[in-house]
Amino acid sequence: MLRKLFSRCMFETRQNLKMPCEVNTRFVILYGSQKGQAQSIAEGIAVEAEDHGLVAELSCLNQSEKYNLEKEKAPVVFIVSTTGDGEPPDNALQFVKGIKKKTLSTDHYKHLCYALLALGDTNYANFCNCGKTIERRLQALGAKQFYVTGYADDGVGLEVVVDPWLEGLWKAIKGALSKMASDKVDPLKGPVGDSPKQDPDSLLPDVELNLLSLNDHQNCKSVRALAITDSKYARTASYSASDEGTTLSDARPASPVLASQSHDTASVSTAASDTHKDGGAPHVPLAASLTCSLPPLSQSSLNVPALPPPYLHVSLQDVDSREQTVGHLNNENVHEVPIERAIQLTTGDLVKTSLLLELDTSAYPTMTYLPGDSFDVFCPNRATEVEDMLCRLGLQDKKHHQVHVSLNKDTKKKGAQVPSYIPPSISLLYLLTWCLEIRTVPKKAFLRALVEHTGDTVQRRRLQELCSKQGATEYNQYVRDPGLSILEVLTAFPSCSPPLCLLIEHLPKLQPRPYSAASSCLKHPGKLHFVFNVVEFSACSGRPVGRRGLCTGWLFDLINPGKPKCSGSHALPKIHVSLRPKCSFRLPSDLSVPFVMVGPGTGVAPFIGFLQQREKERQDNPEAVFGETWLFFGCRYRDRDYLFREELEGFVTSGVLDHLKVSFSRDELEMEGNEVTTSVARPRYVQHNLLLHRQQITEILLKKNGCLYVCGDAKNMAKDVNDTLIEIIKTQLQVDQLEAMKTLAGLREEKRYLQDIWG
Ligand code: FAD
């Protein structure tokens, strides 16, 4: 908020100096977002636009009635993410389809000038593919770029690219607008600017946009004066209750936090605070932690993000909603199915726990799937964590009250909407159990908002540090990388008491977790198998005790493998599942096409389905010619986590699988076929085995028109396999790196190199 207010007063100076009054101030923001990140960046731009004297029109790409690119003359800013295997987010699908139409002429968007921020994750194939596709097409259709495109990588932290990109955006937009005004006949003779570092607007004087520096006492004074009179964003955790209901968002009196704005200076240090009381030397702790910083950060001035404007009105009504069931899960695509069997596939404690569940889907004959398909499992938040959250909000005694969420009419948030994933007439308990991801890792904007509800000065300063530009490394180290949940953050900052509406504004939808089918309907009619590792989060600063992943921990508790009932069939509970839309991770339709499968650990799951399917196809087509099949599997120890060992060896015996290559990363001496290999020479990971068989792989892929499938861990394995394939192509075809990469990209394009990766 301070930054916002400061920018506002700076703006008046800027506007007088910079923007001739005839210059249009309107620009358009369009976003395509799967999980809400692109949307929240787009919304942030829309909010901040006002501070820069600009008028933003914000729309989602699927709201085509709200914008018209065919006639748009104002600068357009695209913020788009990429999902799955390089696909556009659901709400950008139609737009991308439309823009790709071959019938569009090369000057279709000649009138258009744009900037684009693409979000992606380098752990996955086709990094930022949706953004790149949109950009390619915009340029092919004559649109002109007015600001360099940003490619933000969630694998290392989006903010590394997003923050500087946003910083430079305003100058670029103003540059584009000024250029248009001064060049009315042909506003787009050329790009106005091509780098955030370059000044695209010769009309702009050298007035910096001035993020608030909390060490700058002059600035602080003037901002403080403004802040104290502006109670719009001031909130406290208190709320007033009435007989009809409890209004949470209306009851936000001027916050005591604002009254103590002076603490917002860098002289308040998390490390050294309160240590001068005894007159002794400041005590500086030896190590930084989630709640404690060391110099230089603890003494640094901070650039904190603008306070996200509140936009929801939440009230609780004393209507007992105890009868509420999993109502919104009862749509036609979600089925409640019993767990028929649960088998632990691993032994010992030196390996991750892998479990196989068999679901009985026979009650839903339409629920058919093919090997390679995946499906969603709907899991609730952990009951103990929901209780802790209720406790933290001071709302335990109201958990069965009905929640009413509506739009705060006075909000400054552009495009504000009541989240679509909050159904009407639900109880508070239901909301926290089934609708909101209370395990979410709080984004910096959320931490920024929490500052306003934190009473203790030291804790406030630390939260400011964690969301500041200067604290980016510590945010990654203590919040993002360990996957700290919002509840864990609240526990670590006990004086922080956010109101319920803030949580609803910032917590994303509780997403179902996808799993790959590990069976074939042909072999197991009416059944659906899947395999998963129980995800473990270890203890860290802010998490005194380790915990399990949300869904895998829940499934583990449901089947409770330690108890004898695990083997008995009908004692097991039911879960809600839904098949995911059709995918391209499928067996070749031509039986004679050879294929290679690479699936270490639980990545083997879809290949069990492939091989079961192939087994039936062989039985049904004894005369047919079948392409050769290879499986590269990897695990730690032969006798602990070699998943599906018997079944895989059975496939080899029956001839369904021609080559089974297994690598053990932790066994000292290993048998490869009948040969004993020493630990020096033995392949430790799947990619080593691929290298050993490079000649055959090349032949299958490049001479026999075969396919290669990779499934499993996105973070390391898929990258290593990808690099190994490039290496294989390089050496086998005697080509350089670039040529090898192109060959692999060609295979991907032809859908002969397919990935189903996660993590
Ligand atoms: P959460 O509480 O959601 O925590 C997940 C976090 O844990 C991640 O952010 C990541 O940082 C970390 N993590 C550590 N190890 C893993 C891991 N192995 N997988 C995911 N996250 C990890 N998982 C399977 O075990 N078997 C499958 O067949 C399978 N198929 C999938 C198919 C698709 C198309 C996709 C997108 C994912 C698939 N996953 C599969 C991953 C699965 O959906 C879940 O993400 C995983 O089980 C963790 O869920 P959770 O709720 O327990 O963890």
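Predicted model: local features only at pLDDT ≥ 70, side-chain atom pairs only at ≥ 80, totals over all residues.
The protein has a mean pLDDT of 82, with 79% of its residues at 70 or more. In residues 1-21 the pLDDT is below 50, and this stretch has 63 contacts in the model beyond near neighbours in sequence. Residues 185-269 likewise stay under 50, with 194 contacts beyond four places in sequence.

A bend of about 35 degrees occurs in helix 5 at Leu169.

Across the whole structure, 17 aromatic pairs were found. One of these joins Phe595 and Tyr709 in an edge-to-face arrangement, with 5.9 Å from centre to centre and 90 degrees between the planes. Because Phe595 belongs to strand 20 (residues 595-598) and Tyr709 to strand 25 (residues 707-713), the pair ties together parts that are 114 residues apart in sequence. Phe595 is buried, at a relative accessible area of 0%, and Tyr709 is also buried, at 0%. A further pair, Phe633 and Tyr642, is stacked, with centres 5.5 Å apart and 20 degrees between the planes. Phe633 is buried at 0% relative accessible area, and Tyr642 counts as buried at 8%. Phe595 and Tyr709 also belong to one aromatic cluster with Phe585, Phe607 and Phe610.

Charged side chains also lie over aromatic rings. Arg547 is placed over the face of Phe537, 4.7 Å from the ring centre, while the charged end of Arg640 sits over the ring of Tyr637, at 4.6 Å from its centre.

Key. Residues numbered from 1 in each chain as written. Heavy atoms only, no water. Bend = angle between axes of the 7 residues up to and from the residue. Helix = DSSP H or I, 4+ residues; strand = E, 2+ residues; numbered from the N terminus. pLDDT = per-residue confidence, 0-100. Contact = heavy atoms within 4.5 Å. Phe/Tyr/Trp six-rings, centres within 6.5 Å; stacked < 30°, edge-to-face > 60°. Buried < 20%, exposed > 50% of the residue type's maximum accessible area, 1.4 Å probe, protein only. Lys NZ or Arg CZ within 6 Å of the ring centre and 35° of its normal.
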